[in-house]
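Work through the exercises below with the structure open. Each task is followed by a stepwise solution.

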Amino acid sequence: MSKQFLLDGQPVPFEEGQTILEAARAAGHYIPSLCWHKDFPPHGSCKLCVVKAAGRHVSACATPARDGSEVESNTPEMNGERRGLLQMLFVEGNHFCPSCEKSGNCELQALGYEYEMLTPRFRHFFPDRPVDASHPDVLLDFNRCIFCELCVRASRDVDGKSVFALTGRGIQKHLVVNAESGRLADTDFSKDDLAARICPVGVILHKRVGFAVPIGERKFDVATISAQTLKESP
Amino acid sequence: MTNAPSPASPELDDVLARHDHDPTRLLQILIDAQEIAGWLPAPTLTRIAAGLALPRARVEGVAGFYSFLYTRPVGRYRVLFSDNITDRMLGNAGLLDALCRKLWLEPGKTSEDGLVSVTTTSCTGLCDQGPAMLVNGRAIGQLTHRRINEIAELIRQQRPLDLWPAEYFRIDDNIRRTDALLGLDMAPGAALGAAIARGRDGWLDEMRASKLRGRGGAGFATAVKWESARNAAGSAKVVVCNADEGEPGTFKDRVLLNRYADLVFEGMSLAAWAIGASEGFLYLRGEYRYLRPQLEAVLARRRAAGLLGTAILGETGFDFDIRIHLGAGAYVCGEESALIESLEGKRGTPRIRPPFPVTKGYLGRPTAVNNVETHAKTCLIALHGGAAFAATGTAQSTGTKLLSISGDCAAPGIYEYPFGVPITRILEDCGASDTQAVQVGGAAGVCLASYEFQRHIAYEDVPTAGAFMIFDGTRDLFEVARAFVHFFAHESCGFCTPCRVGTSLLKGFMDKLADGHGAKADLNDIDWLDRLLKNASHCGLGSAAPNPVIDTLQKFRPAYERRLVSLDFKPAFDLDAALAEARQLTRRDDPGAHLKTHEESPE
């Protein structure tokens, strides 16, 4: 008899060592995420995968599934918290979707639609984050960074370069590159790095391919992020 | 990388060599490297990265995390005013203004000649003798306008700190009530000898019988923690003493380290004996850096006496030594997994738990992290046995507790009480009158109103890490909560979304109310943020951050409501005020240059 837990009342089988998020997605149930990636250990910073297990709020990406436990995820309460977290991510950066090249391929934008975020709700922070266009192939627009550290992890753990790191603290936290000049052109970053392809939002953009796919025909224009994610799940 | 080679710096090479080019010493290296120029210029970071074979970005990441590391120039005299609510109540803002005026300086900016910079910092642990400041890391308490005048003059004359009047740097212990611990007169090694005589198992039995719980606030059973670390796989176990006493209003560890350092180090050795650890760290908060020389002297004395090192007290196989690791201004490093990250030379970001430090801590090794007071208390248990210890206090909270008392009372300082003492008794002893509220446990703790003063200090009633801040009838509890909200926003590590953004949003709402733009809708948003922070934060900092607001909103709601200008919605900005700069530029102040926002509002 395989182990299972109840997700919103529905049985979800799992194997020992699987997290709530992994088991749920494998069974065809969507739990949202921004900082989680199947090829990396859980990070647990975006908190969009927050679920209620045994009455406690936990990150589904970092919490092992437990036999017989009850987990709440797709409920008005949890989805309300997720909408709030998305609103927080929108107001802390500078996200102007209509003029962003990532529009339609952006996971943050797609989650905004998924969770029916109709207003930013809070005051915008309007941080001052200059762009870095120094690299011949790639543009960095820090205005859209959500601090998922996927580029940090990909560059360090897969590309073996450590091109990116976070510095500062709290709301002043920001992404920096591995050069005294602070310019991407002065690092050994390449457009073929995994780190160049992993940004879920519009920070790391490839030059000269903008709008190759017209808006309206992009990934999340044709299907919601929940549908796309489940389609890609094993 | 195509970074140009940095100019040679023998001093920096010396710092790197002193730390064996060890990347886990990165934070210590940055602290020492900063001594060279007073700040950390970009080429210095590049050179440190090269010397440690680390990516430069990682070094920059660490340098940017800690408040006391500077990647931009600061003054040769770096003045930091302690900005706890108790400092504010003693008038620190007026003193800061006065000093800046005398030095022709803007707060937060460095003077054009690079001589001096003046700004604020989180609580420096001198609440019993505030208002306080740090000048280049050295603490000065009991600031008055007279003293500020003198300091301004000394800075203008560029007098070296060593030549400043010695009484400025006198820090008083202010011990007002002693009990078992503070009254203990123990010869160094006595507790350790007793524990060794009992054997490791016998010693752990006594610890179990004592029912000692962690004095850092969470109250976890110390014996259980030690047993887990002892039973964890891995041989090179680690004992860490958490002296990152950052909770606003807490200063008992400062006094323990200043006057009872032997008890603290002996307690660490007792932990090492119990769990079989060979390596110990004292994580000393950067604000207490001035204690380091005397602590090193105590360690040297203990080594000479055979209380540290190999075969301690002649016991073959009991090898243990202690190193001091300095923090650099980051409250979050009081969280044990963030502390361990910091010990490893990284940004102080709390880890995902489990695994807990007792199984996977410092460099993946089993690590027992305990508070300063917890370590000191274990000496009592070793000397007199667990049963004797458990005979005091209450059934669930055995032994005594040190309280750091500050705020509106006649005799602020350190008070040691058996657990179970009622708030009223404490207020009476310290000479508090007309008390409106007491903040117990610091910013992350609980705010008690007068109708709760019959409650008791105990894990089962009012738990505390030791802070006890008193507010009399003249104080505004909204401003108290607002100060704590500012503190948490400043100290959030920024790792998780709810805490990074939520603490800043909360700060924005409290400031909006303070500025007279509050509306009832804001109280609803504050409520919502409080809940989200509590539920969804990654660590205890985020989940405790709304505590001051939750408590004061519930118990002192009028302090909020009288700030509301509208029962509905009100924007946080004033359109007409926003045009002020345009009016100044165009030199207009006629009626046409103003918006009549107030007449349009429905009131």
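**Exercise 1.** How far apart do the C-alpha centres of domain 1 of chain A and domain 2 of chain A lie? Then describe their contact.

**Solution.** This is a predicted model: local features need pLDDT of at least 70, side-chain atom pairs count only at pLDDT 80 or more, and totals for chains, interfaces and linings use all residues. Residues are numbered from 1 along each chain as its sequence is written, chains are lettered from A in the order in which they are written, and side-chain values use heavy atoms, without hydrogens and water.

- Step 1. Take the bounds: domain 1 is 3-74 and domain 2 is 97-222, from an automatic or database domain assignment.
- Step 2. The C-alpha centres of the two domains of chain A lie 26 Å apart.
- Step 3. Eleven residues of domain 1 and 16 residues of domain 2 make the contact (heavy atoms within 4.5 Å).

**Exercise 2.** How many residues of chain A are in contact with chain B? Then examine the interface.

**Solution.** 

- Step 1. Chain A contributes 43 residues, in contact with 45 residues of chain B.
- Step 2. About 3500 Å² is buried between the chains, 58% of it from carbon and sulfur atoms (accessible area, 1.4 Å probe, that two parts lose on being put together, summed over both).
- Step 3. On the chain A side, A:Met88, A:Arg169 and A:Glu180 lose the most area, together 24% of what that side buries.
- Step 4. The interface holds three salt bridges. One of them joins A:Arg121 and B:Asp525, with the closest N and O atoms 3.0 Å apart.

Conventions. Salt bridge = Lys/Arg side-chain N within 4 Å of Asp/Glu carboxyl O.
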